[in-house]
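Thanks for coming. I'll keep this short. Please have the viewer open while I talk.

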Amino acid sequence: MYQEQGVIQEDLDKVVLLDRINLIKWITNFITKTLVIAELEVRKLSHDPTELFTRALQPALWMLVFGEVFSHVRAIPTGNMTYLDFMAPGILAQSVLFVAIFYGISIIWERDLGIVHKFLASPTPRTALVLGKALSAGVRAISQAIIIYLLSLMLSVKLSWAPINLIEILFVVIISAALFSTFSLIIACIVKTRERFMGIGQVLTMPLFFASNAIYPISIMPDWLKAIAHFNPLTYEVDALRTLMIYGGTSLYGLNFDFVFLIISMIILTVIAAIVYPSIAR
Amino acid sequence: MNKKILEVKNLTKKFGDVTAVDSISFSIDKGEIFGVVGPNGAGKTTTIKILTTLLPPTSGEALIGGYNVVKNATKVRRIIGYVPQLLSADGNLTGYENLLIFAKLYDIPSKERKKRIIDSLHFMGLTDVAHKMVKSFSGGMIRRLEIAQAVLHNPKVLILDEPTVGLDPGARDSVWEYVKTLAINGTTVLMTTHYMEEADAMCSRVAIMNRGNIAALGTPHDLKKSIGDNGASLNKVFEYYIGKDLDSEVSEGNFKDVSRTRRDSRRLG
């Protein structure tokens, strides 16, 4: 009797051990495959990096024209910050958003070519396919961060150079790009054609941008817009960037809350994306 | 031992009211080159998408290497190689990189990777262009690269959807040659084609599909015999079973096919 129980216990232990080994295997496989997909995108980018430079134009215009004008007008209450200090992190967030939000179109393009079919017929986990793409959006976004830092230096924005802040900024930039590119991928899987996506991409980008604290504080918004802004991940991205990037910057919501909000949004979107992604090949 | 590597039983796929594949059954033995021919909309591509785990069937089942394409999708994905109808190699990478990414996705150990890639580039006659960007490749070279990509992990079944569509006769012959060599070396091949000539030259058995059904199935020889004309071309056989000439179908095509062909040629520059 005792012996039997012992055997059962041993079996159970074996099962638990096996499960743990399988889990570790699964996670290792998942991470490896995610990195392979990201590597693929980075290799493509390294063959043709021109897009990184052309993308520098838009943030330059915002900071040099919009930023300069509004600093002189002093129309927007930014506390003890200058307007340029206030908006630089906002423009970084905007650039990250613009890099990421048109990711969906490349998915549709790849579907039209047949590339997606081949990836989906391979044993790669769907979540890894989605997350790998998202990470590569993060890599593109880092190049934007470098450009914004250069522009900020030119315009003598009071940047913070604490190494820990820079590392955290890197994290915020990557996760935000990943988040919005995954959002974009979901939209692409729903609308399925390039034309419809272009329309919807425009319609989504502007409200995301304006219903956030990127270029003006939430406190001056009407109540209905405030409510929307509080559910907008861009708001928390900007809050985190403003805290970390600007010398003496303070967070409105707390850095921890910003990070948690971004990470949870990212997880939810990745799961949804992994579910809808295969439908694009049907 | 079970000789059947691929089994399809009463496979059905409906899109709304439209039945794209209507309860078809067939099986493929190890080492065969099995052809599926039929006009546009016959259900060929839908069947392929089900077998490659991209599309769940409405009813019926399909087994590859004994694994169910729905329940054991990941296992099936490991033992198949798939070349989609569209040009699917990545033009913004080199030939070598295209293979490298897939070697990694299919868990080819890092020690073997380089050798396997170099060997397969050599086998496909692409050694000289290995480090050139794929967008500078010709259509035939891209097709060969795609086949190399699909067989890098030594799949049990290679699935080719219209492998030679849009290729000039020379490129077509070389693709045939490579696929035949793969089959001789033990890879089972399932291919769809528009070209009766291709089915005749390559396939051990041919299934003629029409409106979601298999109208006839057999070796090219048996099919010819079945219409009582041993000297007939497979085109004649097709006409007999479908009631029209395959080529008329091809030249017309539908909007999707036309735009597809144009897009492909644009991509090839």
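Which residues in α8(A) meet which residues in α12(A)? Before I answer, one caution: this is a predicted model.

Now the list. From α8(A) we have A:Ile175, A:Ser176, A:Ala178, A:Leu179, A:Thr182, A:Phe183, A:Leu185, A:Ile186, A:Cys189 and A:Ile190. They meet A:Leu262, A:Ile263, A:Ser265, A:Met266, A:Leu269, A:Thr270, A:Ile272, A:Ala273 and A:Val276 in α12(A). By class, that contact of α8(A) with α12(A) has 15 nonpolar residues, four polar and no charged.

Next, the geometry of that pair. Helix α8 of chain A covers residues 163-191. It packs with α12(A) at an angle of about 30 degrees, and the axes are 9 Å apart. Angles under 35 degrees count as roughly parallel, so α8(A) and α12(A) are roughly parallel to each other. The crossing of α8(A) past α12(A) is left-handed.

Stay on α12(A), residues 255-276, and bring in α7(A), residues 126-154. Here the angle is about 120 degrees, with the axes 8 Å apart. α7(A) and α12(A) are therefore oblique to each other. The crossing of α7(A) past α12(A) is right-handed. Who makes the contact? On the α7(A) side, A:Arg126, A:Thr127, A:Val130 and A:Leu131. On the α12(A) side, A:Thr270, A:Ala273 and A:Ala274. The residues of this contact of α7(A) with α12(A) split into four nonpolar, two polar and one charged.

Note A: Thr270 and A:Ala273. Both are in the α12(A) list for α7(A), and both are in the α12(A) list for α8(A).

Over to chain B. Four of its strands form an open sheet, ordered β2-β1-β4-β5, with antiparallel pairing. At the edges sit β2(B), residues 18-29, and β5(B), residues 67-68; each pairs on one side only. Zoom in on β1(B), residues 4-15. β1(B) and β2(B) pair in the antiparallel sense over eight bridges.

Last item: how do the two chains touch? In contact are 24 residues of chain B and 20 residues of chain A. On the chain B side, the elements giving two or more residues are α2(B), 73-79, β6(B), 80-83, and α3(B), 95-105. α3(B) gives the most, with four residues. The chain B side that touches chain A divides into 12 nonpolar residues, six polar and six charged.

That's my tour. Over to you.

Methods: Residues are numbered from 1 along each chain as its sequence is written. Chains are lettered from A and ligands numbered from 1 in the order in which they are written. This is a predicted model: local features need pLDDT of at least 70, side-chain atom pairs count only at pLDDT 80 or more; totals for chains, interfaces and linings use all residues. Two residues are in contact if their C-beta atoms, placed from the backbone, lie within 7 Å. Ala, Val, Leu, Ile, Met, Phe, Trp, Tyr, Cys and Pro count as nonpolar, Asp, Glu, Lys and Arg as charged, and the others, Gly among them, as polar. Axes are lines fitted to C-alpha atoms, for helices over the stretch in contact, and angles run from 0 to 180 degrees between N-to-C directions. Angles under 35 degrees count as roughly parallel, over 145 as roughly antiparallel, 65 to 115 as roughly perpendicular and the rest as oblique. A crossing is left-handed if the near helix is turned anticlockwise from the far one by less than a right angle, and right-handed if clockwise. Two strands pair if DSSP finds at least two bridges between them.
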